[in-house]
Amino acid sequence: MSFHDPDNGTIGKPSEILRQSPFWKKQRIIAIPACNEEEHIIPCLIALATQSYVLPDKVVLWLNNTTDKTYALAHSLQDKLPFALEIVQVVYHPDLASAGIARREALAHAARHAPQDALLFTTDADAEVSKDWIYRTLEAFVDYSVEAVFGRALLLPSEAEKIPLNLHQDEQAEQAYGALLEQITVELYPEPHDPWPRHIEHSGASIAVTRQAWAQVDGIPNVPTGEDRHFYKILKQNGIPVRHAPDVVVYVSARLSGRAQGGMAETLARRIRAQDDYIDEVFETVSRRLLRIRKEQAYRLKNQSPPVMAECPPTRIRRDDLENHVKRAQRVLRFLRQTRARCSTKVERQTADQCDSCLPAR
């Protein structure tokens, strides 16, 4: 029985540059924290086993406080997968058990037995990575010369039906506003390693990092929840270039009974009962985004790593006021683009005038 399914022709073949890159040859090790995932673990592993062009070298399945059939189901595939599958079972004290500590220790275990130049990946046990997940991640490493790649986490199409239409619409509105903020950021502070288009997610369902960068920041932060967002912040604080690759995609479940306190499942369940008055706290006001960009630029001019803004709590945006924030973001973005266009035209004219003055008289 073999699970490896070669590319069906929908993905372009790897370029010679990619094949010759050191990233193509690095060991790829994936750490997956899991707690009672008997429903999802088989699809999760099969998705990894049917990657196009490039497979994992090893997958570490970190079973923590698991009491269902997750181990038995994973073990039944162990000799049939086209990669090494290591299953580790741990039991945390109830007061210590958390998704954050599980992911931190799963990646630490994977790194402990990995070559110094390995690539470390992590995803979720209820996730099914897209067919080109590893391939597109390697492309991002090579094309943008980064040390970490964050992908997108989308709902499985069959799972999305569980979510009321109004929540899908609210999510789209939030994401559209977040995209405007990112475009403003790109206009004011373009980063060659993370250009537009890019996304704004920092989900543990899709993270890849070089072992060196992982070690530089002492791995995943030791926090019970939100470890993925904290990991991004600490990478940024240490000046490690990160790519938010929009074509690196993972599909996750839409369960309403989650494993992590404060996680996606808890948020969905709460919003189905009654929608939050405020949009997600990761979306800041335009004014705060502009202030943060200016402060970060000031630190960079001094060759200092900008700290994460923590001196004052962010101003939360009320959902019924989101449209006004969107309009302001659109005005700011339009102004920045018009200013850039005028500056470009002025520079072109000055260059042309200088060249004309150098021409010999006829």
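1. Which residues does Arg337 touch, not counting residues up to four places away in sequence? Arg337 touches Gln183 and Glu187, where contact means heavy atoms within 4.5 Å. Arg337 is found in helix H13 (residues 322–358). Arg337 and Glu187 are 150 residues apart in sequence, with a C-alpha to C-alpha separation of 7.3 Å in space. Arg337 has a relative accessible area of 35% and is partly exposed; buried means under 20% relative accessible area, exposed means over 50%, and partly exposed lies in between (1.4 Å probe, protein chains only).

2. Basis of the values. This is a predicted model, in which local features need pLDDT of at least 70 and side-chain atom pairs count only at pLDDT 80 or more, while totals for chains, interfaces and linings use all residues. Residues are numbered from 1 along each chain as its sequence is written, and side-chain values use heavy atoms, with hydrogens and water left out.

3. Overall content. The chain's secondary structure comes to 13 helices and eight strands. Helices (H or I, at least four residues) and strands (E, at least two) are DSSP runs, numbered from the N terminus. Of the 362 residues, 47% count as buried. Among contacts in the chain with a separation of 6 or more, 82% are between residues 24 or more positions apart.

4. H8 against H12. The axes of helix H8 (residues 165–188) and helix H12 (residues 286–301) come within 11 Å and cross at roughly 30 degrees. Axes are lines fitted to C-alpha atoms, for helices over the stretch in contact, and angles run from 0 to 180 degrees between N-to-C directions. H8 and H12 are therefore roughly parallel to each other; angles under 35 degrees count as roughly parallel, over 145 as roughly antiparallel, 65 to 115 as roughly perpendicular and the rest as oblique. On the H8 side, Tyr177, Leu181, Glu182, Ile184, Thr185 and Leu188 meet Val286, Arg289, Leu290, Ile293 and Gln297 of H12. By class, the contact of H8 with H12 has seven nonpolar, two polar and two charged residues (Ala, Val, Leu, Ile, Met, Phe, Trp, Tyr, Cys and Pro count as nonpolar, Asp, Glu, Lys and Arg as charged, and the others, Gly among them, as polar).

5. H3 against H4. Helix H3 (residues 41–49) and helix H4 (residues 70–77) pack at an angle of about 30 degrees, and their axes are 9 Å apart. H3 and H4 are therefore roughly parallel to each other. Ile41, Ile42 and Leu45 of H3 make the contact with Thr70, Leu73, Ala74 and Leu77 of H4. By class, this contact has six nonpolar, one polar and no charged residues.

6. Thr70, Ala74 and Leu77 are buried in H4. They cover an arc of only 55 degrees around the axis, which puts them on the same side of H4; the arc is that of the directions from the helix axis to the C-beta atoms. The cover over the buried residues of H4 includes H3, strand S2 (58–64) and strand S3 (84–90). In H3, the buried residues include Ile41, Cys44, Leu45, Ala47, Leu48 and Ala49. Their cover includes strand S1 (28–34), S2, H4, S3, strand S5 (127–129) and helix H6 (133–144).

7. Gln216. This residue is found in helix H9 (residues 211–216). Gln216 counts as partly exposed, at 49% relative accessibility. Not counting residues up to four places away in sequence, Gln216 touches Asn238 and Ile240. The C-alpha atoms of Gln216 and Ile240 are separated by 9.2 Å, and the two residues are 24 residues apart along the chain.
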